[in-house]
Amino acid sequence: MATENDRATGAAPAQWTRREFVGSALSVGGLVIAMNLPLPARAATRSGRAPAQLNAWLRIAPDDTITILVDRSEMGQGVYTALPTLIAEELEIELDRVAIVAAPVGDAYFNAANVGQVTGTSNSVQDAWVKLRTAGAQARTMLVAAAAARWGVAPSECRARHGVITNAAGDRLTYGAVAADAARQPVPARVALKPASRFELIGRGLPRTDTPAKVDGSAQFGIDVRLPGMLYGAFAQSPVLGGWPDSVDSAAAEKMPGVRLVLALDSGVLVVADHFWQALAARRALRVRWNPGPNATLDDAAIRESLRRTEAGDPGLVARADGDAETALKRAARTHSAIYEVPLLAHATMEPMNCTADVHADGCDLYVGTQVQQLSQAAAAVAAGVPPDRVRVHTTYLGGGFGRRLDVDFIPAAVAGSHALGRPVKVIWTREDDMTHDTYRPPALERISAGFDAAGKVDSFKLHIVSPLITARMFPPVTGVDPEVVEAAVNCAYGIPNFLVTYTRQEIGIDVGYMRSVSHAANCFVIESFVDELAALAGKDPYDLRMELLATKPRHRRVLETAARLAGWGKPAPGRHLGLALMEGYATRIAQVAEISVDGGAPRVHRIVCAVDCGQMVNPRIVESQIESGIVFGLTEALWGEITIANGVVQQTNFDGYRVLRANQMPQIVVELLPSDEPPGGIGEVAVPLVAPAVCNAWFAATGERVRSLPLVSGRAPGAAAVKRGSGNSDRGSTPRTTASGT
Amino acid sequence: MFEIQVNGRPMRVEAAPDTPLLWVLRDHLGLTGTKYGCGRALCGACTVHLDGAAVRSCVLPIADVGRRAVTTIEGLAPDRSDPVQRAWIELDVPQCGYCQSGQIMAAAALLRSHPAPTDADIDAAMSGNLCRCGTYGRIRHAVHRAAALARAER
Ligand code: FES
Ligand code: FES
């Protein structure tokens, strides 16, 4: 559990030696590092024309072309800007003079916290904060040493600025002129990093490096890849999740125009044609007998019932136990308890899943928008029947990730098709494929209880979380309680002396996956809604109760106080109602206030005010856009987000059945970024979880109805989502009847 | 065989008559700036101009295009010089960027018919263009900014 003290002592070391650097890479991967990467550019430097590779992230050519390799995937969160900024700051080069390319698979590119080359958990900047500034400083030191050697002066007499090295005599050499020599210099054991007071690029809000390509259509997403001789594939999958093809009659499909291949695989049937539209037409002509597998009768009621039964029958594994919550609850002067639920959700990235593979005599080239380069490589290697090191992964831009592209289920069919045909094949999932074969955000059912002491103080708190376990499928084995299911609960900042969090795993028969903010979304909804319930029971203002529980947490108090002040807490405009929520996640503290009205029995969200303390910011403009993004994502979840299942088949197939927020439904969003000297926290996911509890708490303020099951505006029958004020421990009540609209 | 006008140039395309313009642009002509998002006119990612008006190319069969001028994001303006593109750059609108070709084409068509759009005009013209990254707030600012840039040019 991260505390204020942890943060204070967690400051980044100012020095970083190569030894430590190697050590950190070894500790996670047992593998070789950065400087020894067998990248093509190393050999090429001998010609004197090609770029010199100064380290795993930096190439400098004789013509002063400076290229930074980014080892995290750009999916909108700004890593192609933030990570190069860290290198450029120490390299003494302007960011707009740098070319950005995606890094290949490499051991140097491990994300230590994620134990792999993984873009996720909002920690790209945290992982890179010292590592990439060190790499920039080392490269600058080597460039200066090379120039000094050429001039026969001491490096201390030289200075590097704006891509040029100068000395006291007025000589100058560009980085490009000495890069080849610099690459042969020893990597300095220790380099001093600039203090924050001397940052010139970090903290300034530089323009994004990917914007120009994203306004003229030239940005290459996975779906845009074109290779000579490339064919197009459509992939048929079992309508019932988890089913497989028993038999395929492809006679009609094979006669369709342009069709090159029909290939039955374990997970479905691939149709490859000259053009995608032809592949789709031929797919419709397939006659597949699907074996539905074990999920033929699976539906939402069965899923909910299994979670409920498990909650009642199992105390769960302990994830956090401060004091003795069970005893305190028994002795409490007053207790309260409720059950909360969240549904399955689809990621619904704007770019549907796709992959392009080119299997050839030397191995396989894979072109894919992925958050997991090594897992992609491994999946392709298996499908192509080659060793992993023969698969080159070319990471494209991602048209949204949100965790969906941590999975690799869309890769094997393209590789198998290319392998069979000896030509490049691009497989594209339709929106319907994508929405009905997602690895869904798992549902959860949580019982939450609290006790007040005789003085009316909340002195015990107990949360029992029941949900499937994503990590068991993705990164087994799991021992103990996986951190991914108890987020926002194990580190919940409220000062309650007896605090118990337990978890019981209950699988539901279908694959679930990590989705933006993962279990923070469920747990923050439950905790922040329930704290509101406690405030109502105690006759306290929800803001006052939270402040009382945060007496020793200055960073939390600051975001809460700021959001409340900016939102006019306590004095809403006539007809408007406010609700608030607070969270700590990804080492960031965040608070939101939602302002709503009730319009024809439905919520209308007018404004979300958000205050954020995410430590030091590499690029405040990107931070602000990520917070806005998370709020919009969270609002979609809060109002409408729900995947339902009938007879094992997902019922939402496109953006008509799966509603997402549109421009005319946008509330006003106010983001306040608080200055901080703390190390950077994550920003890509942290704004998502608070929207649902803030809006539902505002709904309670407006109507007296407590929403204990998302979404707020349910597609299910009335009576599914909310309970009336004062109905105590009953778990279900009425739901807003009509559909919601925004401002 | 169809002959269509794309970005000011005549193009010959061999495709089934029901092939949506979207896939003709992307797969046959290599103009991949126009995106596929839903295939059912629900998301706006595939928005192009047909004689200057915004249309969803995913539901427009190639056989129905006729002689009308098709403009894609690649043909909007040379060097990202359209006021909409300049405003988008100035405000750093895109996040993942996948929806943005469609957003920009929708905004450019709006400004042609409404040189000084109100927020309500923007809502009416842009609410068919989904953005999962939630760039709507910046888009609204950028449309107003593009309108100002365009006015300054006249
Ligand atoms: S792809 Fe045409 S509107 Fe979505
Ligand atoms: S920028 Fe990602 S979908 Fe709009």
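Throughout this account, Ala, Val, Leu, Ile, Met, Phe, Trp, Tyr, Cys and Pro count as nonpolar, Asp, Glu, Lys and Arg as charged, and the others, Gly among them, as polar. The model is a predicted one, in which local features need pLDDT of at least 70 and side-chain atom pairs count only at pLDDT 80 or more, whereas totals for chains, interfaces and linings use all residues. Residues are numbered from 1 along each chain as its sequence is written, chains are lettered from A and ligands numbered from 1 in the order in which they are written, and side-chain values use heavy atoms, with hydrogens and water left out.

Domain bounds were taken from an automatic or database domain assignment. On this basis chain A is divided into domain 1 (4-215), domain 2 (222-293 + 353-428) and domain 3 (300-344 + 440-722). The centres of domain 1 and domain 3 of chain A, taken over C-alpha atoms, are separated by 39 Å, and 27 residues of domain 1 of chain A are in contact (heavy atoms within 4.5 Å) with 24 residues of domain 3 of chain A. For chain B the assignment gives domain 1 (2-75) and domain 2 (83-153); the corresponding centres, again over C-alpha atoms, lie 21 Å apart, and 16 residues of domain 1 of chain B are in contact with 13 residues of domain 2 of chain B.

Grid points are joined across faces, edges and corners, and a volume is the space filled by probe spheres set on the points. The search of the whole structure finds 8 cavities of 30 Å³ or more. The largest cavity holds about 200 Å³ of space; of the 17 residues that line the largest cavity, the closest to its centre are Arg304(A), Val342(A), Pro343(A), Leu344(A) and Pro443(A). Helices (H or I, at least four residues) and strands (E, at least two) are DSSP runs, numbered from the N terminus, and in these terms helix H10 (300-313), strand E14 (334-342) and strand E19 (444-452) of chain A are the elements that give two or more residues to the lining of the largest cavity. H10(A) gives the most to that lining, with 4 residues, and the lining of the largest cavity divides into 10 nonpolar, 2 polar and 5 charged residues.

The second largest cavity holds about 140 Å³ of space, and of the 18 residues that line it, the closest to its centre are Arg441(A), Pro442(A), Ser467(A), Val518(A) and Ser519(A). At least two residues of the lining of the second largest cavity are supplied by each of E19, strand E20 (458-467) and helix H16 (519-538) of chain A, the largest share, 3 residues, coming from H16(A). By class, this second lining comprises 11 nonpolar, 4 polar and 3 charged residues.

Strand pairing was assigned where DSSP finds at least two bridges between two strands. E20(A) pairs with strand E21(A) in the parallel sense over 8 bridges, and the bridge partner of Val466(A) in E21(A) is Thr504(A). Strand E13 (residues 317-322) of chain A pairs with E21(A) in the antiparallel sense over 5 bridges, with Val318(A) standing opposite Thr502(A) in E21(A). Strand E21 (residues 498-505) of chain A is mostly covered, since 7 of its 8 residues are buried, where buried means under 20% relative accessible area, exposed over 50%, and partly exposed in between (1.4 Å probe, protein chains only).

Two further positions in chain A were examined individually. Thr588(A) is found in strand E23 (residues 588-599) of chain A and counts as buried because its relative accessibility is 0%; with residues up to four places away in sequence not counted, Thr588(A) touches Met583(A), Val612(A), Asp613(A), Cys614(A), Gly681(A), Gly682(A) and Val686(A). Gln77(A), in the loop between strand E3 (66-70) and helix H4 (79-91) of chain A, is buried, with a relative accessible area of 16%, and, under the exclusion of residues up to four places away in sequence, touches Thr119(A), Arg208(A), Ile622(A) and Gln626(A).

In chain B, strand E1 (residues 2-6) and strand E2 (residues 9-13) pair in the antiparallel sense over 5 bridges, and Ile4(B) stands opposite Met11(B) in E2(B). The hairpin of E1(B) and E2(B) has 2 residues between the strands, and in this hairpin Asn7(B) takes a positive phi near 50°. E1(B) also pairs with strand E5 (residues 69-71) of chain B, in the parallel sense over 2 bridges, where Val70(B) in E5(B) is the bridge partner of Val6(B).

Terms used
1 Å grid on protein atoms, 1.4 Å probe; cavity = no way out; pocket = protein on both sides within 12 Å on 5 of 7 lines; lining within 4 Å.
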